[in-house]
Amino acid sequence: MSRKFVGYHGTTKENADGIKTTRKFSPSRGENEWLGDGVYFFEDDIKQAQYFCVKARKYKNWTVFRSNIEGNLS
């Protein structure tokens, strides 16, 4: 079964520049990641992505990407 949704990914301005150049998201890695290694998106809620940048990570220069995501559920 295929599923579609809008995902919001908050990151630093520096990382955003890399994403725009390569058109690829680099997975976060390490023991400090909330749910393990991966690329995280907030589903249908830009405010959560903004909060993540400002409050959780305390980024000074940040941006949020809006992505249309489609995938198969297993």
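# Chat: sheet, rings and pocket

Mentor: Let's start with the sheet: three strands form an open sheet in the order E2-E1-E3, with antiparallel pairing. The edge strands are E2 and E3, each pairing on one side only. This is a predicted model, where local features need pLDDT of at least 70 and side-chain atom pairs count only at pLDDT 80 or more, while totals for chains, interfaces and linings use all residues. Residues are numbered from 1 along each chain as its sequence is written, and side-chain values use heavy atoms, with hydrogens and water left out.

Trainee: What counts as a strand, and when do two strands pair?

Mentor: Strands (E, at least two residues) and helices (H or I, at least four) are DSSP runs, numbered from the N terminus. Two strands pair if DSSP finds at least two bridges between them.

Trainee: Ok, how many bridges join E1 to E2?

Mentor: Two bridges, and E1 and E2 run antiparallel. Tyr 8 has Phe 42 in E2 as its bridge partner, and Gly 7 stands opposite Glu 43 in E2.

Trainee: And how many bridges do E1 and E3 pair over?

Mentor: Eleven, in the antiparallel sense, with E3 covering residues 62-72. Thr 12 stands opposite Trp 62 in E3.

Trainee: Is Thr 12 buried or exposed?

Mentor: Thr 12, which lies in strand E1, counts as buried because its relative accessibility is 18%. The cut-offs are under 20% relative accessible area for buried, over 50% for exposed and partly exposed in between, with a 1.4 Å probe and protein chains only.

Trainee: What does Thr 12 touch?

Mentor: Leaving out residues up to four places away in sequence, Thr 12 touches Tyr 59, Asn 61, Trp 62 and Thr 63. Contact here means heavy atoms within 4.5 Å.

Trainee: Switching to rings: how many aromatic pairs are there?

Mentor: The structure holds four aromatic pairs. Rings of Phe, Tyr and Trp (its six-membered ring) pair if their centres lie within 6.5 Å; planes under 30 degrees apart count as stacked, over 60 as edge-to-face and the rest as tilted. One of the pairs is Phe 25 with Phe 41, edge-to-face at 5.3 Å centre to centre and 75° between the planes. Both residues sit in the loop between H1 and E2, 16 residues apart.

Trainee: Which residues form the aromatic cluster?

Mentor: Phe 25, Phe 41 and Phe 65 form one aromatic cluster.

Trainee: Last topic: what lines the largest pocket?

Mentor: There are 21 lining residues, and His 9, Gly 10, Thr 11, Ser 26 and Ser 28 lie nearest the centre. A pocket is an open set of points on a 1 Å grid over the protein atoms alone, where a 1.4 Å probe fits, with protein on both sides within 12 Å along at least five of seven lines; lining residues have an atom within 4 Å of a point.

Trainee: Which element gives the most to that lining?

Mentor: H1, with four residues.
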